[in-house]
Amino acid sequence: MVPLQSAVASSTPDLGPPVVFWVLLCLLGAVVGAVGSALARRLSNPVGKYRLLYVGAVLPLGVLAYGLLSILDLGAAVRAALVGGSTGTVAVDVFLSEFLTMSAAGTVALVAYAPTVRGVRAVRDIDLGTGRAVALMARWLLGASGVFALAFTPFRVGVGSGASIVAVAAGLVALVVGVLAASPWIVGALRSTRKPTDDDAARIDRLRERAGVGSGLVDEVRVLDTDDEETANAFVRGIGPTRRLFVTSTFLDALDDETAAALLAVQAGRVRSRALSRRMGAVIGAAVPLLAAFSGSSGPNGPLVAVAGVALAGGLWYARRGIVAADDRAAESVGADAVADALERYAEVHAMEPSRRRVPNPLSANVALGDRIDRLRERAREGGEAADAPNA
């Protein structure tokens, strides 16, 4: 097998060219963020357009930066400058190189993100300081870079040392399961959390019982501080006994019990429909043939690349079905109209206009919020008509 990237360069890479390229990428990021923010503020549904800017421009720019900086061996060059060459251990060298490369790519995304904070603050009318927002994002990116490097190092080393694709695939599955199991602690490391106390704890217990997120499903709860960002979110991370429910402080402050219980019921539905596992399955299904495609000595294998594309599209379709199944379970628990009302309130709190799509995005694991609301309304109407039928 030919390694995807040399674990340790045969000679010390030159630091100058990759650093210059990184600076140029940062300048590009600043332009993308500033221009994108100016456009988003002037379009209808600006909050939705900002989300599209992050997903469609800032994130891809960060991914592109990682790929280009990897090709230029920025991480290896910086590592060599810091430690004077190699540390003497291949795994440590690879980890440091990947961490530094990912951190540099994250910086490009951060530079693109910074100009958008002021616009988001204006369109949502929230008290979010640019310095605090950038600091929070920088902390998240730094932690994510460490997690990424730690997770990716075994595959760089394994592929580079000639390990079979079966062994690499098995390692990938084990890694994904491990990350899913450890995700509650990863969230805690990347975000500021606290245990709910007093009135918050009592209210959360009532909401959990009402929504079906009891101790049999989730054992622990943590509150995320979002007073500045004003994001009213709730989500579950972990597997089995490691599952933990996270709710934001805005979720508790801005939503009444009816809305909060319905949104928690959706999260319970996502756990039971294994929505997150479906997404990870899509990643694994695409990654395994892709690794095999690029592991041969004769170059990329076209059919395997095609298989990876089909696996990704199929996996994302399956993931979207998990979102629909979660909504259905929530509707069975608290009522379809109640879930639809909660989703509309969620959009209102975040100053969003629920989007609708005639054709689902095949490269997305999410279902458009407006389509989810419409489907729940239709389900409620059909349920009402079915209930009235015997009396007709």
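Helices (H or I, at least four residues) and strands (E, at least two) are DSSP runs, numbered from the N terminus. The structure is a predicted model, in which local features need pLDDT of at least 70 and side-chain atom pairs count only at pLDDT 80 or more, whereas totals for chains, interfaces and linings use all residues. Residues are numbered from 1 along each chain as its sequence is written, and side-chain values use heavy atoms, with hydrogens and water left out.

The unreviewed UniProt entry places the feature "transmembrane region" at residues 20-40, 52-72, 92-113, 133-153, 165-187, 280-296 and 302-319; UniProt positions follow the numbering used here, feature names are shortened, and annotations may be inferred rather than shown by experiment. Over residues 20-40 the chain is 100% helix and 0% strand, with the end C-alpha atoms 30 Å apart. For residues 52-72 the corresponding values are 95% helix and 0% strand, and the end C-alpha atoms are 29 Å apart.

Helix 1 (residues 16-42) and helix 2 (residues 46-71) have axes that come within 10 Å and cross at roughly 170 degrees. Axes are lines fitted to C-alpha atoms, for helices over the stretch in contact, and angles run from 0 to 180 degrees between N-to-C directions. Helix 1 and helix 2 are therefore roughly antiparallel to each other (angles under 35 degrees count as roughly parallel, over 145 as roughly antiparallel, 65 to 115 as roughly perpendicular and the rest as oblique). The contact (heavy atoms within 4.5 Å) includes Trp22, Leu25 and Leu28 of helix 1 and Leu53, Ala57 and Leu61 of helix 2. Its residues divide into 15 nonpolar, three polar and two charged; Ala, Val, Leu, Ile, Met, Phe, Trp, Tyr, Cys and Pro count as nonpolar, Asp, Glu, Lys and Arg as charged, and the others, Gly among them, as polar.

Four strands form an open sheet of mixed pairing in the order 1-2-4-3, where two strands pair if DSSP finds at least two bridges between them. Strand 1 (193-194) and strand 3 (234-237) are the edge strands, each pairing on one side only. Strand 2 (residues 220-224) pairs with strand 4 (residues 244-248) in the parallel sense over five bridges, and Leu224 stands opposite Thr248 in strand 4. Helix 9 packs on the sheet, where it touches strand 3 and strand 4, and its direction makes about 25 degrees with that of strand 3. Strand 3 and strand 4 pair in the antiparallel sense over four bridges, with Arg237 opposite Arg244 in strand 4. These two strands form a hairpin with six residues between them, and Gly238 in the turn has a positive phi of about 115 degrees.

Helix 9 (residues 257-272) also packs with helix 11 (residues 302-334), at an angle of about 130 degrees and with the axes 7 Å apart. The two helices are therefore oblique to each other. Among the residues making the contact are Ala262, Ala265 and Arg270 of helix 9 and Ile323, Asp327 and Ala330 of helix 11. By class, the contact of helix 9 with helix 11 holds seven nonpolar, one polar and four charged residues. The axes of helix 11 and helix 12 (residues 336-349) come within 7 Å and cross at roughly 115 degrees. Here Ala330, Ala331 and Val334 in helix 11 meet Ala336, Ala338 and Val339 in helix 12, a contact with six nonpolar, no polar and no charged residues.
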